[in-house]
Amino acid sequence: MGFEQSAMTQSDPLSTSGLVVVDKPAGMTSHDVVGKLRRAFKTKRVGHAGTLDPMATGVLVVGIERGTRFLAHMVAATKAYSATIRLGASTTTDDAEGDVIDRCAPVGITPEDIAAAVNDHTGEIMQRPASVSAIKIAGKRAYDRVRSGEIVELPERPVTVFRFDITNIVTSPEFIDVDVEVECSSGTYIRSLARDLGAQLGVGGHLTALRRLAVGNFTLADAMTLPEIEENPRLSLSLDAALIRCFPVVDVTASQALDLSMGKWLKPRGLRGVHAAVAPNGQAVALVKESGNRLSTTFVARPNTL
């Protein structure tokens with residue numbers, strides 16, 4: 001029985017697999033959200049991509065069932081945020097959840113000074129992640145090492161800030177609050193931008209608000225709140241829709257789809273980069289990439305063993 005005919009004559013084993021885009025509320029860890037969705041969808045196979053700090057809100061992409069395996073392949077080269085940077089104080093965590101370690105009233109700092117500093121942190125830059133980040137050091141997350149009393153200073157690494165726009169500035173005798181919008185490469189820490197902006201201006205800085213607006217192709221327009229999900233558990237995108245959203249499509253025949261579902265390779269087509277191989281019935285069977293004289297799978301979404 002061919003791939004297309006088989007898919008049409010039986011229930012879809014991947015009908016419950018895909019992605020849920022959550023508008024994460026403040027005060028919850030990303031792991032807390034995963035726990036909520038495990039209960040809502042009645043499955044342990046739930047995972048998230050791109051950790052959000054408890055203080056932060058906004059787009060958190062969560063995989064359900066086989067969607068968890070897709071997360072490692074999901075392309076999210078860019079992220080977008082809105083944030084408020086407070087100039088005039090530094091904290092242990094570079095955000096409002098940490099203890100204040102230094103204060104310096106931003107006397108004499110002008111909007112022009114802030115704009116110039118923002119410009120210096122736009123483009124390709126070297127950035128030192130916050131010590132309480134989720135980066136692993138010898139298998140243990142940096143924030144866990146800090147909580148256990150270790151002094152952690154992570155090395156700088158290259159990141160790209162594509163856009164760093166000031167949307168509003170509110171000045172008081174003790175602080176200057178700067179509302180910004182940032183588009184950046186994956187791995188950029190917005191609270192590190194706040195810290196470094198304050199350091200450059202000589203008054204210290206930290207985040208007081210952070211909202212993630214987009215992760216790659218997924219935006220707040222795709223997102224549901226936790227109460228909405230708990231009331232009516234449903235996928236934001238099926239696994240088919242997720243692959244097609246994230247990658248360019250290459251059409252394959254039903255027999256070729258069957259081959260790919262078994263991990264077999266096809267003849268090359270002159271493709272560049274990873275593509276979603278889509279069968280005639282619209283199902284995305286696999287992610288494929290050319291290497292040498294083969295078009296091979298990098299992720300089989302619909303293995304023949306299902």
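pLDDT is the predictor's confidence in each residue, from 0 to 100. The exercises below concern a predicted model, in which local features need pLDDT of at least 70 and side-chain atom pairs count only at pLDDT 80 or more, while totals for chains, interfaces and linings use all residues. Residues are numbered from 1 along each chain as its sequence is written, and side-chain values use heavy atoms, with hydrogens and water left out.

**Exercise 1. Confidence**

Task: state the average pLDDT of the protein, and find where confidence is lowest and where it is highest.

Solution.
- Step 1. The average pLDDT is 90, and 90% of the residues score at least 70.
- Step 2. Helices (H or I, at least four residues) and strands (E, at least two) are DSSP runs, numbered from the N terminus.
- Step 3. Confidence is lowest in helix 1 (residues 3–8), with a mean of 46, and highest in strand 1 (residues 18–24), at 98.
- Step 4. Over residues 4–9 pLDDT stays under 50, and the model has seven contacts (heavy atoms within 4.5 Å) beyond four places in sequence for them.

**Exercise 2. Overall make-up**

Task: count the helices and strands, and give the share of buried residues.

Solution.
- Step 1. The protein has nine helices and 18 strands.
- Step 2. Buried means under 20% relative accessible area, exposed over 50%, and partly exposed in between (1.4 Å probe, protein chains only).
- Step 3. Of the 306 residues, 47% are buried.
- Step 4. Among contacts between residues at least 6 apart in sequence, 69% join residues at least 24 apart.

**Exercise 3. Salt bridges**

Task: describe the salt bridges of Arg302, Arg211 and Arg163, and say which parts of the chain each pair ties together.

Solution.
- Step 1. A salt bridge is a side-chain nitrogen of Lys or Arg within 4 Å of a carboxyl oxygen of Asp or Glu. Side chains of opposite charge can pair when their charged atoms come close. The structure holds 14 salt bridges.
- Step 2. Arg302 pairs with Asp12, with the closest N and O atoms 2.9 Å apart. Arg302 lies in the segment after strand 18 (294–300) and Asp12 in the loop between helix 1 and strand 1, so the pair ties together parts 290 residues apart in sequence. Arg302 is buried at 6% relative accessibility, whereas Asp12 is partly exposed at 27%.
- Step 3. Arg211 pairs with Asp23, the closest N and O atoms being 2.8 Å apart. Since Arg211 is in strand 12 (residues 205–215) and Asp23 in strand 1, the pair ties together parts that are 188 residues apart in sequence. Arg211 is partly exposed at 26% relative accessibility; Asp23, at 19%, is buried.
- Step 4. Arg163 pairs with Glu183, with 3.3 Å between the closest N and O atoms. Arg163 belongs to strand 10 (residues 157–171) and Glu183 to strand 11 (residues 176–185), so this pair ties together parts 20 residues apart in sequence. Both are partly exposed, Arg163 with a relative accessible area of 25% and Glu183 with 34%.
- Step 5. Arg163 and Glu183 are linked with Asp165 and Glu181 in a network of salt bridges.

**Exercise 4. A helix pair**

Task: work out how helix 4 and helix 6 are oriented to each other, and list the residues that meet.

Solution.
- Step 1. Axes are lines fitted to C-alpha atoms, for helices over the stretch in contact, and angles run from 0 to 180 degrees between N-to-C directions.
- Step 2. The axes of helix 4 (residues 111–120) and helix 6 (residues 190–201) come within 10 Å and cross at roughly 125 degrees.
- Step 3. Angles under 35 degrees count as roughly parallel, over 145 as roughly antiparallel, 65 to 115 as roughly perpendicular and the rest as oblique. Helix 4 and helix 6 are therefore oblique to each other.
- Step 4. Asp113, Ile114, Ala117, Val118 and Asp120 of helix 4 meet Leu197, Gln200 and Leu201 of helix 6.
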